[in-house]
There are 2 protein chains.
Amino acid sequence: VARHLGRSRGITVDPDEVLVTRGTAQALDLVARTLLRPGDPVAMESPAYPDAVLAFRTARARPVGVPVDAEGLVVDRLPPRAALVYCTPSHQAPVGPVLSLPRRVALLEWARRTGAWIVEDDYDTEYRWARLTLDPLKSLDADGRVLYLGSVSKTLSPRLRVGWIVAPPPLLAAVVAVKQVTDPFAERPVQRALARFIDEGRLALHVRRTAAVYGARRAVVLRCVAAELPAFAVVPGEAGLHVTVSAPADPDRLDALTRASAAAGVAVRSVRQSAVVLDGYAHDGLVLGFGGIEEAAIPAAVAAVAREWSG
Amino acid sequence: VARHLGRSRGITVDPDEVLVTRGTAQALDLVARTLLRPGDPVAMESPAYPDAVLAFRTARARPVGVPVDAEGLVVDRLPPRAALVYCTPSHQAPVGPVLSLPRRVALLEWARRTGAWIVEDDYDTEYRWARLTLDPLKSLDADGRVLYLGSVSKTLSPRLRVGWIVAPPPLLAAVVAVKQVTDPFAERPVQRALARFIDEGRLALHVRRTAAVYGARRAVVLRCVAAELPAFAVVPGEAGLHVTVSAPADPDRLDALTRASAAAGVAVRSVRQSAVVLDGYAHDGLVLGFGGIEEAAIPAAVAAVAREWSG
């Protein structure tokens, strides 16, 4: 995993900074149980990734929404006393903006000042679409405040249940102690197979090959949206397997649209259906995933959504 | 699993009463997180199974020790306000007595009266050594107060990480909801293989065959202890892969004995080393496991322990 991160995400980690988990759900649960006490405020991007909200609420912590704009998480709006902040700097889930460099610097400075932890969920950034993209926040983490999460759920399969937490060793030891309580043995055969897959360069090759496929799909999505859904504006995003297109907030109309699209055979969700809105988020939009649709099927799918929208 | 329980333990369960977990550690953790709130008192046999103590403490609950005598858990000494009681009726871990039938009836009545849950950890009773043994407490559970835990850790391997929780469906649904947070996917290949292994009768056959091996080892252990360790009294137990022999409490001397035995190549632990003593438990003893030693090696091992004891 350390080698995979070095190759794919440009961060250098030692193996003793890595805990392999059964996917990001377990990673979030372990982090929440290790770092949070009942009632602790947890700062989260709003709209927020529902599984993260669930993990923090299950630990009896209290998610507090922080708005997101075109530069990502609005760091100035972070609550002063959060125990940790959960964020998706590479590709805000689900809206899409990249956390800008000035915001990254400010976020790390905020964590240093307040003593809060930063949980960076880098869930889909093996697939990056811009020529120049920022390395993970973790790469700037001089003070050891960042816990970095990743997985093979996007690159290989969510059914493999392999993810990882990168954190400073003393903190990681505390996370490992909680994992011992609930899940004391590693999945050796799967981990060995994956390690070999990484060491032989086959994961990197697989990502390159699938990136060509996904990149072509993404280009078709963007072209079709521009042509057929002029009411929606593409949120500039640089990574991952979905494009978010924003629209004026009208949840009823978007709900009707997603229902009608589903009836027409196109699975598409609105931002509000995909996320937990924790503060007064005024917008909405559609999350257009292209991980599971063939390139050739995309124009008809977008056309079907456009038909339902205008009809 | 339902079929395995019917065959091996004489309890009839519906598949919708069973949740398959990654072993008993996860089962305990899920049960603790589902049923306990911070500060809740949890009644536990003392000496207690350390992993259960750990699971309950990790949920910020408060283990309270209840003494164990020759009839098992002393039900009269249960605290009036426990949220749940954790117990090992078939073979108290680690001391060994079987919970007597009158105590079982009293325990169920206590749970009915107080509204507490009973967690029955039936960790090793696929291997039973008496001609007539009691079925699990769960088989008497008319009021749906018992959560029954089991695993393949003793019959097949702890590395398989397969265990189960049997509970009334509404309660089980709450446990499943917590599992979704931390570990949302089942280990399909392993579960399918195990289901086939059970359905084809091969697990039952395997238990019968290994029971012959373990039973022979147990007989040798009992014979050698009687001959060579007269200071120790065998605790009458009817199940499982260890025999506990009691001795006057003298932790220093038993610690020295186990250290010297380890140096002589015999891994043996005292009750206090194997368990968490939660109340004023006045005894001690040795836990003689025979799951991992060949029958032919047992006499020399017991002789080595006896030598260290008298030397």
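Biologist: Where is the place of D29(A) in chain A?

Modeller: D29(A) sits in helix α2 of chain A, a helix being a DSSP run of H or I with at least four residues, numbered from the N terminus. The model is predicted, with local features needing pLDDT of at least 70, side-chain atom pairs counting only at pLDDT 80 or more, and totals for chains, interfaces and linings using all residues. Residues are numbered from 1 along each chain as its sequence is written, chains are lettered from A in the order in which they are written, and side-chain values use heavy atoms, leaving out hydrogens and water.

Biologist: Why is D29(A) called buried?

Modeller: Buried means under 20% relative accessible area (1.4 Å probe, protein chains only), and D29(A) has 0%, so the residue is buried.

Biologist: What joins the side chains of D29(A) and R33(B)?

Modeller: They are joined by a polar contact of 2.6 Å, and the term requires a pair of N or O atoms within 3.5 Å, of which, within protein, one must be able to donate a hydrogen and the other to accept it, while residues adjacent in sequence count only if both atoms are side-chain atoms.

Biologist: Which residues is D29(A) in contact with, leaving aside its neighbours within four places in sequence?

Modeller: With contact meaning heavy atoms within 4.5 Å, the partners of D29(A) are A55(A), R33(B), V181(B) and T182(B).

Definitions and conventions:
Helices (H or I, at least four residues) and strands (E, at least two) are DSSP runs, numbered from the N terminus. Buried means under 20% relative accessible area, exposed over 50%, partly exposed in between (1.4 Å probe, protein chains only).
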